[in-house]
Amino acid sequence: MANLYERLKAYGNGEDIPFHMPGHKRKGERFSFENPYSFDITEIDGFDNLHHPEGILKESMEQAAAVYGSEKSYFLVNGSSCGLLAAISACVPAGGKILVARNCHKSVYHGLILRGLVPVYLCPDGVPQWGMSGPVSPELVEELLLKNPDSKAVLLTSPTYEGICSDVEAVCRIVHRYGIPVIIDAAHGAHFQFGRGSFPASALSMGADLVIESLHKTLPSLTQTAVLHKKSEFVDEKRLEWYLQVYQSSSPSYVFLASIDSCISYMAGEEGQRAMAVYEEALGGLRNKIKGLSHIRLFSDREAGAFCLDPSKLVIRADGLAGPELYGRLRTQYRIQPEMCTETYVILMTSVADEEEAFQSLFGALADLDRFCEELRRSGEDRALFAVSLPEPQVVLTPAAAMESSLCSLDIAECEGRISGEFAYIYPPGIPVLAPGERITGEVLSVLSAYRNHGLSILGPESPDGDRLLTVEEEHLSDN
């Protein structure tokens with residue numbers, strides 16, 4: 001059996017076209033990134049210390065801050081996850097309350113648990129026929145802040161995995177009146193800063209206090225590289241830096257640090273700007289061609305109800321084909337590897353590293369599938385599609401309290417009305433159908449059943465088949 005290295009090398013040398021992250025699309029030679037073994041070092045003389053930067057790393061991060069327009073920018077080698085954990089910990093005291101968008105990444109939920117926080121969920125409206133979460137409205141943020149004036153921060157995801165952006169500027173105006181910070185998980189928005197007209201404004205430029213961006217998702221940088229930007233009067237800088245030390249490796253990879261520095265320098269330079277202009281024009285052309293197809297649907301601003309939409313995400317569905325089938329046909333018939341699929345749609349991620357040939361191959365595949373969908377329509381073959389909307393959570397215990405309770409495993413058929421002691425979600429994107437401390441309602445069970453029936457793997461439950469759930473012991477619940 002091939003080991004991991006051999007399997008990765010075979011994939012890299014193969015013919016599959018990557019419409020998935022990381023954003024460098026395996027073109028290291030294009031971005032002048034050489035053999036990493038030659039500069040994989042530790043904190044030796046002359047190369048500074050990430051946790052106490054005074055030399056080259058301090059200068060690199062200051063240059064990044066100048067590019068992004070922040071007070072301070074911090075290099076992250078543990079991905080956006082560590083930045084989100086540090087931001088939450090720095091802004092909200094243990095046991096405190098935080099307004100959190102329900103469609104946040106799972107690392108945010110980990111932060112709630114680690115700090116024992118009380119979440120107040122901002123539940124965005126669903127997008128009809130697509131089964132995804134829309135933007136978080138400023139009105140909802142204000143409504144919940146009025147009801148929860150003791151909240152210590154507000155955390156949103158913008159853009160989402162599908163590229164949906166909320167009105168961050170309006171949210172910041174509201175939240176700042178309460179004297180608390182706005183944290184934006186912009187893991188999928190690191191490229192906005194370098195756009196030349198096609199992309200939304202960055203969350204930092206719209207007033208967010210802390211913004212976390214994954215370079216590797218949409219820019220030419222190695223997996224696990226990210227940045228955290230601070231521009232705020234509401235965040236204690238020393239406290240933030242302390243928690244960055246807690247959640248980052250004490251042995252940061254200089255290969256990753258070099259990749260961050262190289263990526264930002266490339267994108268901010270003339271070569272990167274020229275490449276971005278070429279990419280934006282080609283992307284616009286591709287999107288227009290896809291819009292001309294009859295049965296392949298490209299997700300649009302109009303359907304999203306979004307403040308704006310990131311065009312780099314090609315979110316598509318096909319008449320008569322469920323998301324997993326569309327994904328499978330792209331991968332096996334056309335050697336196109338998408339980023340992910342849900343029960344309804346497929347996400348194809350593009351970046352400045354994509355070339356015209358890849359876009360032509362993708363459109364050719366989609367045009368073929370469009371004709372196949374027409375044949376299905378003419379044959380009258382019934383392929384019912386489904387799109388679920390995530391139920392609004394009924395929070396009974398904090399996630400931390402639930403996970404620290406005595407738990408028992410029950411057949412899923414016996415769980416209605418009980419309190420969950422674990423998560424249940426499909427990943428990606430990892431938005432929970434159920435989180436610890438929430439009541440297991442009939443609606444929750446219906447969504448989980450629909451996922452299983454359509455062949456989607458449910459992650460989180462201890463039971464690998466998703467047929468059992470850990471629930472809080474009734475005796476423990478009565479004590480709370």
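A salt bridge is counted where a side-chain nitrogen of Lys or Arg lies within 4 Å of a carboxyl oxygen of Asp or Glu. The exercises use a predicted model, in which local features need pLDDT of at least 70 and side-chain atom pairs count only at pLDDT 80 or more, while totals for chains, interfaces and linings use all residues. Residues are numbered from 1 along each chain as its sequence is written, and side-chain values use heavy atoms, with hydrogens and water left out.

**Exercise 1.** Find the salt-bridge partner of R297 and state where both residues lie.

Solution. 
- Step 1: the partner is D319, with the closest N and O atoms 2.6 Å apart.
- Step 2: R297 belongs to strand 12 (residues 296-298), and D319 to the loop between strand 14 (313-318) and helix 12 (323-334), so the pair ties together parts 22 residues apart in sequence. Helices (H or I, at least four residues) and strands (E, at least two) are DSSP runs, numbered from the N terminus.
- Step 3: R297 is partly exposed at 34% relative accessible area, and D319 is also partly exposed, at 22%. Buried means under 20% relative accessible area, exposed over 50%, and partly exposed in between (1.4 Å probe, protein chains only).

**Exercise 2.** Describe the salt bridge between E241 and K72, and place it in its network.

Solution. 
- Step 1: the side chains of E241 and K72 meet at 3.0 Å, N to O.
- Step 2: this pair links distant parts of the chain, with E241 in helix 8 (residues 237-247) and K72 in strand 2 (residues 72-76), 169 residues apart.
- Step 3: E241 is buried, at 19% relative accessible area, whereas K72 is partly exposed, at 31%.
- Step 4: salt bridges link E71, K72, K230, E237 and E241 in a network.
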